[in-house]
Amino acid sequence: MSTLICSPVWNSFVLRYFQSDDSVTIVLSGTYTTGWVGLGFSKDGVMVGSSAIVGWVENSGRGSIKQFLLQGYSPAEVVVNKGELQFTEVPPVVVYHKGAIYVAFQLKFALRLTRQQIILAKSDITPIQNRLPIHNDKRSITVEFSSGTVTHASANFEKLKRNHGILNVIGWGILLPCGAIVARYFKRLDPQWYYLHTSIQFVGFVIGLLGFAAGRYLYNKTHANFQVHRGIGIFVVLLSMLQVTAFFLRPEKQSKIRKYWNWYHHWVGRFALFFGAVNILLGVQFGGAGTVWKIGYGFLIAILLVTVIALEIFFRLKGSQKGDEAPVFQMNPIG
């Protein structure tokens, strides 16, 4: 292995590689007890769409190595013996020696590699019938094959992605729905409800806008192919801007067009909150946020739904609903 370039990449894992005119030899090694270890070639720094070489040691002690096409995040979307990587005639191998695993393989390329984004991942659960369990840790790196250097840029990327999610959950997932709840159920506290409602909505809009800006920056850096998530995000921001514009163009209560303004304002608010919630769910899924995020956001949605149902029941039992009351889900309902 004297001709291989050696670079520590992640925890105890070391990446060794050598490039010739038409092939690249790679050896990934690290501390191992059970589970699988994978190395994926990514076009944009994200997992979906990548082709990965994955190795593990069977319970019998025999090493296994397979290529997988990562079509999605669920195990069913990780397809064995598919992918864009092409092995040379040198057979790939997995070796377990003194508490460490060595995943070695050689790939053919038409052109010499220069700069390549690599995704490293591992799981503590051993695959059964070539079905990969979900990873419990991962890391993204950039390998400069031309210069022999490895860039650990994933820390800032992961931090920005996490902040993007946090800002959007706080803005679109918490504050804006809470502002709508205030407008629906607390109008008897006039005019306090109005000032509280507009303040919450303004802060929620600003925080959501910051989350959108973080998402745009991530897209410009990675060009991640999440078209649905990106499209819905742009749509929600446009709806929110329409809400803000409508606030400043609100006609007087005595105006004949006020009822049309109310109808427009309420329905735009409903759509903004609905698609905002949907896009958070898509972001959690596409971003590979993990079980904690899924459970956390599911718990948050459950709390909001239970709160709305309880307030609605109380509201109707009290018989306090007025003809001009705003619908439940709206962003900025002004009586």
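Predicted model: local features only at pLDDT ≥ 70, side-chain atom pairs only at ≥ 80, totals over all residues.
Q: Where do I start? How many helices and strands are there in the protein?

A: Start with the inventory. The protein has 5 helices and 12 strands.

Q: What does the radius of gyration say about how spread out the protein is?

A: Compare the value with what a globule rule gives. Here the radius of gyration is 26 Å, while the rule gives 20 Å for 335 residues, so the protein is more spread out than a compact globule. Along them the C-alpha trace spans about 85 × 40 × 30 Å.

Q: How many of the residues are buried?

A: Burial is judged by relative accessible area, with under 20% as the cut-off. Buried residues make up 45% of the 335 residues. The outside can be described too. The protein exposes about 18100 Å², and carbon and sulfur atoms supply 63% of that area.

Q: What share of the contacts join residues at least 24 apart?

A: Look at contacts between residues at least 6 apart in sequence. Of these, 62% join residues at least 24 apart.

Q: How do I check a helix? What should helix H5 span, at 1.5 Å a residue?

A: Compare the expected length with the distance between the end C-alpha atoms. Helix H5 covers residues 291-317, which is 27 residues, and should span 39 Å. Its end C-alpha atoms are 39 Å apart, which agrees.

Q: Which residues of H5 are buried?

A: First, the general idea. An α-helix has 3.6 residues a turn, so residues three or four places apart point the same way. Now the case. The buried residues of H5 are Tyr297, Leu300, Leu304, Val308, Glu312 and Phe315. In H3 the buried residues include His229, Ile232, Gly233, Val236 and Val237. Further along H3, Leu239, Ser240, Gln243 and Ala246 are among the buried residues too.

Q: How many salt bridges does the count come to?

A: The count comes to 5. One of them joins Glu144 and Arg115, at 3.0 Å from N to O. Glu144 lies in strand S11 and Arg115 in strand S10, so the pair ties together parts that are 29 residues apart in sequence. Glu144 counts as buried at 19% relative accessibility, whereas Arg115 is exposed at 54%. Another salt bridge brings together the side chains of Glu58 and Arg62, at 3.9 Å. Glu58 is partly exposed, at 22%. Arg62 is exposed, at 52%.

Q: Which residues form a nonpolar patch on the surface?

A: Look for nonpolar side chains grouped on the outside. Here they are Phe202, Val203, Val206 and Leu210, with about 360 Å² of accessible area together. Take Val203 as an example. Val203 lies in helix H2, residues 192-222, and counts as partly exposed at 39% relative accessibility.

Q: What about the backbone? Where is Pro191 found?

A: Pro191 sits in the loop between helix H1 (154-185) and H2. The bond from Asp190 to Pro191 is cis, with omega near 5 degrees.

Q: What is phi of Lys98 near?

A: Phi of Lys98 is near 50 degrees, a positive value. Lys98 is in the loop between strand S8 (93-97) and strand S9 (100-108). Lys98 counts as exposed, at 76% relative accessibility. Asn130 also has a positive phi, near 60 degrees. Asn130 lies in the loop between strand S10 (115-123) and strand S11 (137-144), and counts as partly exposed at 27%.

Key
Residues numbered from 1 in each chain as written. Heavy atoms only, no water. Patch = residues over 30% accessible without salt bridge, like charges linked within 9 Å, V, L, I, M, F, W, Y side chains within 5 Å. Areas by Shrake-Rupley, 256 points an atom, 1.4 Å probe, with all protein chains shown as cover. Salt bridge = Lys/Arg side-chain N within 4 Å of Asp/Glu carboxyl O. Helix = DSSP H or I, 4+ residues; strand = E, 2+ residues; numbered from the N terminus. Buried < 20%, exposed > 50% of the residue type's maximum accessible area, 1.4 Å probe, protein only. Rg over C-alpha atoms; globule rule 2.2 N^0.38 Å. Contact = heavy atoms within 4.5 Å. Expected span 1.5 Å × (residues − 1).
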